[in-house]
Amino acid sequence: MKTHRIAVIPGDGIGRPVTEAAWAVLEKAARGAGFALQADILPWSCAHYLDTGAMMPADGLRHLAGFDAILLGAVGWPATVPDAVSLHGLLLPIRKAFSQYANLRPHRLLPGVEGPLRTAVFDILCIRENTEGEYSGAGGRVHQGQPEEVAVETAIFTRSGVERILRLAFSQARARRGRLTSVTKSNAQRFTMVFWDEMTRRVAADFPDVEVTLTHVDAMAAKMVMAPDSLDVVVASNLFGDILTDLGAAIQGGLGYAASANLNPDRTGPSMFEPVHGSAPDIADKGIANPIAAIWSGALMLEHLGEGAAAARIHAAIAATTARGIGTRPGRDRTEAITAAILSALD
Ligand code: IPM
Ligand code: MN
């Protein structure tokens with residue numbers, strides 16, 4: 001039987017129960033489709049940091065390289081480990097080490113879920129550049145604690161990095177409704193973002209069938225709220241994409257629905273699939289985390305592994321569940337009840 005080997009990192013807080021839920025759904029979908037999933041569950045987390053002094057072992061990245069994909073829950077427990085330590089010790093190095101340069105975040109209003117907007121139609125795909133830009137990690141601090149202290153953090157945009165994310169976005173737009181919004185801020189940022197606009201126009205020449213619009217990030221935030229049905233695929237730099245996808249998640253009804261795929265499109269290393277939400281310490285032990293974002297992320301993983309039929313069955317089971325009113329209100333249904341409903345909708 002075909003077997004996919006998955007590194008499973010539940011991580012912190014609600015990352016654990018939602019990953020368990022996603023794994024149960026993935027295993028059942030795999031059984032139904034005649035393939036197997038084999039998990040190596042890795043305890044890397046803030047608890048692991050407190051035990052060992054590191055978020056993951058020194059050879060952690062080398063270990064991950066051997067898997068077909070990575071399924072991640074959430075990283076962060078600021079009460080014990082500063083976020084800048086935990087995220088730079090686990091999540092961000094994985095994205096960079098495996099060239100997961102495309103972060104695909106689909107935002108769709110599920111049946112039965114009432115978002116905060118009056119619109120009933122919201123179906124966009126945000127594509128966030130995931131390895132450079134504002135997250136390049138180039139910078140430093142001098143004169144710490146002194147009145148003349150200086151902190152610098154430089155955004156780095158490379159031609160190859162910008163071109164590959166734009167090409168991927170144009171081809172995704174071509175496969176969807178043919179519209180692409182490229183998010184910029186070239187009215188203020190005259191080096192990086194003017195370059196981004198030039199590259200958008202250059203790549204657009206190869207996709208004459210895609211209708212492309214350059215929109216400043218501030219106007220984009222307004223457009224997502226005021227005219228969400230005018231949008232299809234959205235491509236943005238790392239930080240702009242980070243911010244706009246929390247807005248996208250809110251319009252979907254909450255972070256509990258927002259799935260993501262950190263893709264290495266060239267397949268030179270494993271891709272990683274994770275819900276957009278974090279560890280949510282405020283509800284971590286209450287049993288009410290919505291597992292839908294994690295389950296949806298698992299379905300994106302199956303698509304990436306070439307198991308599109310099983311992924312489609314998971315999408316249908318999620319939609320059937322929310323259509324029945326289960327998992328449609330934050331905090332009302334138990335994680336286990338939502339998972340059980342999705343599992344039985346898979347039958
Ligand atoms: C996300 C998160 C991360 C990011 C944080 C936790 C570093 O907000 O995946 O959207 O900014 O990329
Ligand atoms: Mn974010």
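Is Phe-157 buried or exposed? That was my starting point today, and I looked it up in a predicted model. Phe-157 has 15% relative accessibility, so I put it down as buried, the cut-off being under 20%.

**Entry: the whole chain**

I count 12 helices and 12 strands in the chain. The C-alpha trace spans about 55 × 50 × 40 Å along its principal axes.

Next I asked how much of the chain is tucked away. Of the 347 residues, 51% count as buried. The accessible surface comes to about 15000 Å², and carbon and sulfur atoms make up 54% of that.

I also looked at how far along the sequence the contacts reach. Taking contacts between residues at least 6 apart in sequence, 74% join residues at least 24 apart.

I find 32 positive and 36 negative side chains, with the centres of the two sets 4 Å apart.

**Entry: aromatic pairs**

Back to the rings. How many aromatic pairs does a search of the whole structure find? It turns up 2.

One of them is Phe-157 with Trp-196: the ring centres are 6.3 Å apart and the planes sit at 85°, so I noted this pair as edge-to-face. Phe-157 is in the loop between β7 (150-156) and α6 (159-175), while Trp-196 is in helix α7 (residues 192-204), so the pair ties together parts 39 residues apart in sequence. Trp-196 is buried too, with a relative accessible area of 1%.

Then I went to Phe-170 and Phe-207. Their ring centres lie 5.1 Å apart with the planes at 25°, so I have this pair down as stacked; the cut-off is under 30 degrees. Where do these two sit in the fold? Phe-170 is in helix α6 and Phe-207 is in the loop between α7 and β9 (211-216), so this pair ties together parts that are 37 residues apart in sequence.

I checked burial here as well. Phe-170 is buried at a relative accessible area of 0%, and Phe-207 counts as buried at 8% relative accessibility.

**Entry: recap**

For my own reference, I have Phe-157 and Trp-196 as the edge-to-face pair, and Phe-170 and Phe-207 as the stacked one.

Key:
Residues are numbered from 1 along each chain as its sequence is written. Chains are lettered from A and ligands numbered from 1 in the order in which they are written. This is a predicted model: local features need pLDDT of at least 70, side-chain atom pairs count only at pLDDT 80 or more; totals for chains, interfaces and linings use all residues. Side-chain values use heavy atoms; hydrogens and water are left out. Helices (H or I, at least four residues) and strands (E, at least two) are DSSP runs, numbered from the N terminus. Buried means under 20% relative accessible area, exposed over 50%, partly exposed in between (1.4 Å probe, protein chains only). Contact means heavy atoms within 4.5 Å. Accessible areas come from the Shrake-Rupley method with a 1.4 Å probe; for residues, only the protein chains shown count as cover. Lys and Arg count as positive and Asp and Glu as negative; His and the chain ends are not counted. The place of a charge is taken as NZ of Lys, CZ of Arg, CG of Asp or CD of Glu. Rings of Phe, Tyr and Trp (its six-membered ring) pair if their centres lie within 6.5 Å; planes under 30 degrees apart count as stacked, over 60 as edge-to-face and the rest as tilted.
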